[in-house]
Amino acid sequence: MYPRPIPEADVWQRRLYVFAVVIVLLLWLCPLFAIILTSFRSTEDVMGGNLWGWPTGIGVVDNYTAVFTQTPMARYFLNSLTITIPSVLGVLVLSTLAGYVLSRYRFPGNMLIFALFVGGNFLPHQIMMIPVRDLMVRLDLIDTTAALIIFHVAFQTGFATLFMRNFIAALPDELFQAARAEGASPFQTLVHVAIPLVRPALAALAILIFTFIWNDYFWAVVLTVSDSVKPVTAGLANLRGEWVSAWNLISAGTIVVAVPPVVMFFLMQRHFIAGLTMGAVKG
């Protein structure tokens, strides 16, 4: 299941491993480097067809300024925040409540409900495009931020519940028994016992869900039409002109779109790693 450790004495094998890692890393970073380089190009470079060579003119300030002054990217950016933040909060609240109940209480249908949450993760969301869009039309929510918020909360809660249920189930039973002996209600036990202990897991889940929702393109196209509602992923396509595409502006816009998930990860990196490794070793 896990790769065998490389013996310390086998110097050439270790060097070959490091060389392979460097090559794979460079190949993985090549597209990102190309986009960053294109976002630095001047308009003259792009119009002259210099899309892969070294830029002859640097237009960093002009390109990144034009993204917000010459395009509706600021509106798209605000729309994405309006959609993503409430969706992440809704998913965290619902998945924590559902995970707590499914992990700590036994009742008829417990495993069936948990199986439904798990099974939903294996169902491709794209095959439900027509029913979901038809439902939003019937609810008069099509082309609104509410449609995307409802959809993301509904579809991300399944994975998040599976995630939280497993973390809460791993907590010692003695803590919950002591809380009940002290007269704490189920809600008080959740707030004062379970949540403080799974805070790293919540941080890791928040980063994952934020990235999933922020980077969503398919449903942003399916459920929105007007520029006043589109998030950044769908709005990037609007930066393409009818006859000529300003690839330097599109690349700059792509970098701008990629910044929030990266910033969030680095701000919560310690909690993210702690959440992923929680329970991996015994204290």
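How many residues does α7 have, and how far does α7 reach from its first C-alpha to its last? The views below start from the model as a whole and then return to this helix.

**View 1. Confidence along the predicted chain.** This is a predicted model, in which local features need pLDDT of at least 70, side-chain atom pairs count only at pLDDT 80 or more, and totals for chains, interfaces and linings use all residues. Residues are numbered from 1 along each chain as its sequence is written, and side-chain values use heavy atoms, with hydrogens and water left out. The protein chain has a mean pLDDT (the predictor's confidence in each residue, from 0 to 100) of 83, and 90% of its residues reach 70 or more. Among the elements, the highest mean pLDDT, 92, belongs to helix α4 (residues 73–104), and the lowest, 63, to helix α14 (residues 269–277). Helices (H or I, at least four residues) are DSSP runs numbered from the N terminus. Over residues 279–283 pLDDT stays under 50, and the model has zero contacts beyond four places in sequence for them; a contact means heavy atoms within 4.5 Å. Where pLDDT is low, the predicted coordinates should not be read in detail.

**View 2. Helix α7 and its kink.** α7 has 25 residues and spans 35 Å from first to last C-alpha, close to the 36 Å expected at 1.5 Å a residue. That expected span is 1.5 Å times one less than the number of residues. A kink of about 40° is centred on T157, where the bend is the angle between axes fitted to the seven residues ending at a residue and the seven starting there. Also in α7 is T161, which is buried at 0% relative accessibility. Buried means under 20% relative accessible area, exposed over 50%, and partly exposed in between (1.4 Å probe, protein chains only). Leaving aside residues up to four places away in sequence, T161 touches S95, A98, G99, L102 and F117.

View 3. P172 sits in the loop between α7 (145–169) and α8 (173–181) and is partly exposed at 40%. Under the rule that a salt bridge is a side-chain nitrogen of Lys or Arg within 4 Å of a carboxyl oxygen of Asp or Glu, the count is three. In one of them, the side chains of R104 and D173 meet at 2.3 Å, N to O. R104 lies in helix α4 and D173 in helix α8, so the pair ties together parts 69 residues apart in sequence. R104 is buried at 18%, whereas D173 is partly exposed at 42%.

View 4. The closest N and O atoms of D134 and R138 are 2.9 Å apart. The two residues are four apart in helix α6 (residues 129–138), about one helical turn. D134 is partly exposed at 37%, and R138 is exposed at 68%.

**View 5. Aromatic pairs.** Rings of Phe, Tyr and Trp (its six-membered ring) pair if their centres lie within 6.5 Å; planes under 30 degrees apart count as stacked, over 60 as edge-to-face and the rest as tilted. The structure holds twelve aromatic pairs. One of them, F159 with F212, is edge-to-face, with 6.4 Å between centres and 65° between planes. This pair links F159 in helix α7 to F212 in helix α10 (residues 199–214), 53 residues apart. The rings of F218 and W219 are also edge-to-face, with centres 5.2 Å apart and planes at 90°. F218 is partly exposed at 30%, while W219 is buried at 3%. F151, F155, F218 and W219 form one aromatic cluster.
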